[in-house]
Amino acid sequence: MADKGGLEGVVVARSRLCSIDGQNGVLVYGGYDVGDLAEHSSYEEVCFLTLYGELPTKEQFDAFLSDLSGHRALSDETAQVVDMLASHAAPMEMLRTAVSSDSFDDPDKDSNDAEANRRKAMRLIAKMPTMVARYARRRAGQEPIAPDPALGHAANFLQMLTGERPSPAAAKTFDVALILHADHEMNASTFTARVIASTLSDMHSAITGAIGALKGPLHGGANEQVMHLLEAIPEGASVEDEIRARLDRKERIMGFGHRVYKTWDPRAVILKRFSRRLADESAEPRWFEMSEAIEKTVVGEKGLYPNVDFYSASTYHYLGVETGLFTPIFAMSRVVGWAAHVIEQHSDNRLIRPSSEYVGPGPRSYEPIERRSQAA
Ligand code: CMC
């Protein structure tokens, strides 16, 4: 196969964390099928599995849960950073900056050993939802809502965001969405985190860089673009015609295609079920109906299948989440995968430093500026 760039097919690490079978649409975390975890587990249990390599015993899980919920509150300094950014920074700019500044008062900031890194990971997993919810409420001119230790990770986030206790069904849907985004092998943001960790830089630097990589519309930023696409199609218009016109103009349809999956992304299969169920209960079934019509058109015209970002958009929309928070929510979940990859990188490290092929001008001699005639 001719090299199309983008490190396609290049193995850059040996990992015990997560594997993908792109031909058959299978995603596995530490040996467990993601569908099995989505049905029976919780985001917190998946965090334990990702950070420790095994599912917890009851005793281990109780201690883990109390540790995690104990870290949800932000320090005064980080709360001030979030408040300051709420007036003028976009959501991913806020998250990138708040996560970066959260290292200033982290008691383990000078250590890269595995236990210190796990403690930093726990604090970031616990605090990122509080950052996102606080920012969203401040931006809307509302008072922040304190974390509730009686609630699980997903329900607590929705309550901090909306001010209302979510229904068990909404909390379960959101919990499954978090499970589905927790890790994904050597995706661009995880690779970014591993490159940063490979210089023996610290956890917060790696996660900050990963957030920057996730923000792009070819990666995690695609979920927001999917919602913008749905909103851009006028009510009553033919979805098929709208999508065909975009494809004719060689536009990319966000939420479709994948470097590894050559069939349905298994996460999209699960999210489609949730989106359909929420649509059935909603006064606005059109978001799901339009999504399904787009799916049929893109699969039929291009043979490209939905990825995780496609049906997560309508699912979050039905849960009442504003579009600008979709990618921060992706980051809030993926932080556990990034952190586990940082720990793995530090445990068997060699600097990641690939090469490039030079295709620039040949040797030439320096011209003093007054003798240069050619503009760049
Ligand atoms: N819509 C239209 N055409 C597409 C799309 C799309 N979504 N995705 C790929 N193609 C076409 C592309 O134009 C190219 O055609 P041609 O060979 O004629 O130039 C061909 O398919 C191969 O594309 P590629 O960019 O070389 O493939 P890749 O493996 O580098 O790209 C991708 C993977 C995800 C960047 C790409 O499929 C894409 O841009 N999708 C839309 C953005 C998106 O949904 N991103 C989320 C990815 S999954 C979750 C996550 O990581 O966040």
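Biologist: Which residues form one aromatic cluster here?

Modeller: F157, F174, Y316 and F326 do. Keep in mind that this is a predicted model.

Biologist: Where does F157 sit, and is it buried or exposed?

Modeller: F157 is in helix 7, and it is buried there.

Biologist: What makes helix 7 mostly covered?

Modeller: Buried means under 20% relative accessible area. Nine of the ten residues in helix 7 (residues 153-162) are buried, so the helix counts as mostly covered. The buried ones are H153, A154, A155, N156, F157, L158, Q159, M160 and L161.

Biologist: What covers the buried residues of helix 7?

Modeller: The cover includes helix 2 (43-52), helix 3 (58-70), helix 6 (114-139), helix 8 (168-180) and helix 16 (326-347). After helix 7 comes G163, with a positive phi near 80 degrees.

Biologist: Back to the rings. How many aromatic pairs are there?

Modeller: The count is eight aromatic pairs. One of them joins F256 and F310, with 4.6 Å centre to centre and 55 degrees between the planes.

Biologist: What parts does the pair of F256 and F310 tie together?

Modeller: F256 lies in the loop between helix 12 (239-248) and helix 13 (266-280), while F310 is in helix 15 (residues 308-318). The pair therefore links parts 54 residues apart in sequence. Both F256 and F310 are buried.

Biologist: How do you know what kind of pair F288 and Y311 make?

Modeller: Their ring centres are 6.0 Å apart and their planes meet at 35 degrees, so this pair is tilted. F288 belongs to helix 14 (residues 286-302) and Y311 to helix 15, so parts 23 residues apart in sequence are tied together.

Biologist: Are F288 and Y311 buried or exposed?

Modeller: The cut-off for buried is under 20%. F288 has 6% relative accessible area, so it is buried. Y311, at 0%, is buried too.

Biologist: What makes the charged end of R277 count as sitting over the ring of F274?

Modeller: The distance limit is 6 Å, and the charge must also be within 35 degrees of the ring normal. The charged end of R277 is 5.3 Å from the ring centre of F274 and sits over that ring. R286 does likewise with W287, at 4.1 Å.

Biologist: Now the ligand. Which residues come nearest?

Modeller: H219, R252, I253, G255 and R259, out of 20 residues around it.

Biologist: Why is E367 called partly exposed?

Modeller: Its relative accessible area is 35%, which falls between 20% and 50%, so E367 is partly exposed. E367 is in the segment after helix 16.

Technical notes. Residues numbered from 1 in each chain as written. Predicted model: local features only at pLDDT ≥ 70, side-chain atom pairs only at ≥ 80, totals over all residues. Heavy atoms only, no water. Phe/Tyr/Trp six-rings, centres within 6.5 Å; stacked < 30°, edge-to-face > 60°. Helix = DSSP H or I, 4+ residues; strand = E, 2+ residues; numbered from the N terminus. Buried < 20%, exposed > 50% of the residue type's maximum accessible area, 1.4 Å probe, protein only. Near = heavy atom within 4 Å. Contact = heavy atoms within 4.5 Å.
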